[in-house]
Amino acid sequence: MKKSAKKTRFRWDHVKDFCETLTESDDALAREMVSRISDKWSLWTMSVIVELGQPMRFSRIMDQVEGISQKSLTKTLRGLERDGLITREAFAEVPPRVEYTITALGAEMLDNVAPLWLWVAKHVQRFQTSRAAFDRA
């Protein structure tokens with residue numbers, strides 16, 4: 001007999017009830033933002049920017065987000081800026097200088113996502129065990 005899932009402490013019906021009050025466009029945006037925080041680069045990029053605690057140049061962010069291409073970082077930064085999670089400041093210098101900073105909204109998002117990120121990191125072995133068992137079956 002399989003173990004049943006532990007009863008959650010969070011009431012998902014509260015989320016459902018609240019989401020049902022959203023307009024169609026607000027619901028679509030909420031879903032986009034959930035996709036944003038679950039994509040490959042956004043959270044990592046935001047965490048790099050917030051960790052330094054001061055504006056960061058593109059090249060420094062790229063050095064810290066291991067494996068990201070210039071194209072992917074550009075796309076990620078533009079999306080984060082559009083959503084109000086970071087700011088971009090361009091300086092009229094030669095060569096041009098651009099700096100990125102986390103916004104209050106971005107910092108608040110990271111504060112709320114960090115516990116989930118930590119939980120996942122602490123349970124990596126359990127995920128590995130589950131995957132190995134599945135692959136053997």
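Serine 42 touches Arg36, Thr76 and Leu80, residues up to four places away in sequence not being counted, where contact denotes heavy atoms within 4.5 Å. The structure is a predicted model, in which local features need pLDDT of at least 70 and side-chain atom pairs count only at pLDDT 80 or more, whereas totals for chains, interfaces and linings use all residues. Residues are numbered from 1 along each chain as its sequence is written, and side-chain values use heavy atoms, with hydrogens and water left out. Serine 42 lies in helix H3, helices (H or I, at least four residues) and strands (E, at least two) being DSSP runs numbered from the N terminus. Serine 42 is buried, with a relative accessible area of 1%; buried here means under 20% relative accessible area, exposed over 50%, and partly exposed in between, for a 1.4 Å probe and protein chains only. Helix H3 also holds serine 47, which is buried with a relative accessible area of 19% and which, leaving aside neighbours within four places in sequence, is in contact with Leu110 and Trp117.

An open sheet is formed by 3 strands in the order E1-E3-E2, with antiparallel pairing, two strands being taken as paired if DSSP finds at least two bridges between them. Strands E1 and E2 stand at the edges with a single partner strand each, so one side of each is left without a neighbour in the sheet. H3 packs on this sheet and touches E1, E2 and E3, its direction making about 90° with that of E3; the axes are lines fitted to C-alpha atoms, for helices over the stretch in contact, and angles run from 0 to 180 degrees between N-to-C directions.

Strand E1 (residues 56-57) is joined to E3 by 2 bridges in the antiparallel sense, and arginine 57 has glutamate 99 as its bridge partner in E3. Strand E2 (residues 86-91) pairs with E3 over 6 bridges, also antiparallel, and phenylalanine 91 has arginine 97 as its bridge partner in E3. A hairpin of 5 residues joins E2 to E3. Because 5 of the 6 residues of E3 are buried, this strand is largely enclosed by the rest of the structure.

Not counting residues up to four places away in sequence, isoleucine 86 touches Ile49, Leu77, Leu80, Glu81, Tyr100, Thr101, Ile102 and Thr103.

Helix H6 has 19 residues and reaches 27 Å from its first C-alpha to its last, close to the 27 Å expected at 1.5 Å a residue, the expected span being 1.5 Å times one less than the number of residues. H6 bends by about 35° at valine 113, and proline 115 follows within four residues; the bend is the angle between axes fitted to the seven residues ending at a residue and the seven starting there. The buried residues of H6 are Gly106, Met109, Leu110 and Val113, and what covers them includes helix H2 (24-38), H3 and E3.
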